[in-house]
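Subject: Structure for your review

Dear colleague,

Please find the structure below, handed over for your study. My notes on its pockets and on the packing of its helices follow.

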Amino acid sequence: MTAPLTAALATVTPQDGTIDNIFVSPAVHEAVGGIVVLSLLVTTVWTAKRALGGTPLDGGVRISLVVTQVALMAQALIGIKLLDQGLGVAQLYIHYVGGLIPLGLYIIAGWFSWRSPETRSRVIAVLSLLGTLSAAMAFLIGRAYVQGTL
């Protein structure tokens, strides 16, 4: 990583090095939010193609699902750290809830086992679409809040 990028991601104060001393820039949260929305879009389109074709999810879709879920978890953790830093405390709760809905949908999907791989494709496609809409809403609300238009 380049020095400016590393500095933008996190700065450690010269105290004892605990996680409380790490400062995360809100720009990181916005950038990861863009990655989340992009990964959700890719996963949604990919699963929708499989569902409409009546074919089961293949290895590529499964990797896309994992990448999307990891991005969602990273985004949630960054958001929690920003709250810990005192940033975004007054933001609309729909931003928080809307950002966590996609991850919740994937967790719920994991609780169920469908006998038919084609049904699994359809269900994951619908849940991905709902998650994408929710994450896009959270992204737009958060961005509007930061820009002062909300």
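Helix H3 gives the largest share of the lining of the second largest pocket, with 4 residues. Please keep in mind that this is a predicted model. The volume of that second largest pocket is about 180 Å³. Its lining consists of Leu57, Arg62, Leu65, Val66, Gln69, Tyr106, Ala109, Gly110, Phe112, Trp114, Arg120 and Ile124. Two or more of the lining residues come from each of H3, H4 and H5. By class, the lining of the second largest pocket has 8 nonpolar, 2 polar and 2 charged residues.

The largest pocket holds about 710 Å³ of space. It is lined by 29 residues, and those closest to its centre are His29, Gln75, Gly79, Gln91 and His95. Helix H2 (26–52), helix H3 (59–84), helix H4 (93–111) and helix H5 (117–147) are the elements that each supply two or more residues to this lining. Which helix gives the most to the lining of the largest pocket? H5 does, with 8 residues. In the lining of the largest pocket, 17 residues are nonpolar, 10 are polar and 2 are charged.

I turn next to the packing of two helices. In general, such a pair is described by the angle between the two axes and the distance between them. For H3 and H4, the angle is about 145° and the axes lie 10 Å apart. The crossing of H3 with H4 is left-handed. On the H3 side, the residues that meet H4 are Leu65, Thr68, Gln69, Leu72, Met73, Ala76 and Leu83. On the H4 side, they are Tyr96, Gly99, Leu100, Pro102, Leu103 and Tyr106. This contact of H3 with H4 comprises 10 nonpolar and 3 polar residues, with no charged ones.

Thr43 is placed in helix H2. Is Thr43 buried or exposed? Thr43 counts as buried because its relative accessibility is 0%, and the cut-off for buried is under 20%. Apart from neighbours within four places in sequence, Thr43 is in contact with Ser64, Leu65, Thr68, Tyr106 and Ser128.

Yours sincerely,
A colleague

Definitions and conventions: Residues numbered from 1 in each chain as written. Predicted model: local features only at pLDDT ≥ 70, side-chain atom pairs only at ≥ 80, totals over all residues. Heavy atoms only, no water. 1 Å grid on protein atoms, 1.4 Å probe; cavity = no way out; pocket = protein on both sides within 12 Å on 5 of 7 lines; lining within 4 Å. Points joined across faces, edges and corners; volume = space filled by probe spheres on them. Nonpolar A, V, L, I, M, F, W, Y, C, P; charged D, E, K, R; others polar. Axes fitted to C-alpha atoms, helices over the stretch in contact; angles between N-to-C directions. Left-handed = near helix turned anticlockwise from the far one by under 90°. Contact = heavy atoms within 4.5 Å. Buried < 20%, exposed > 50% of the residue type's maximum accessible area, 1.4 Å probe, protein only.
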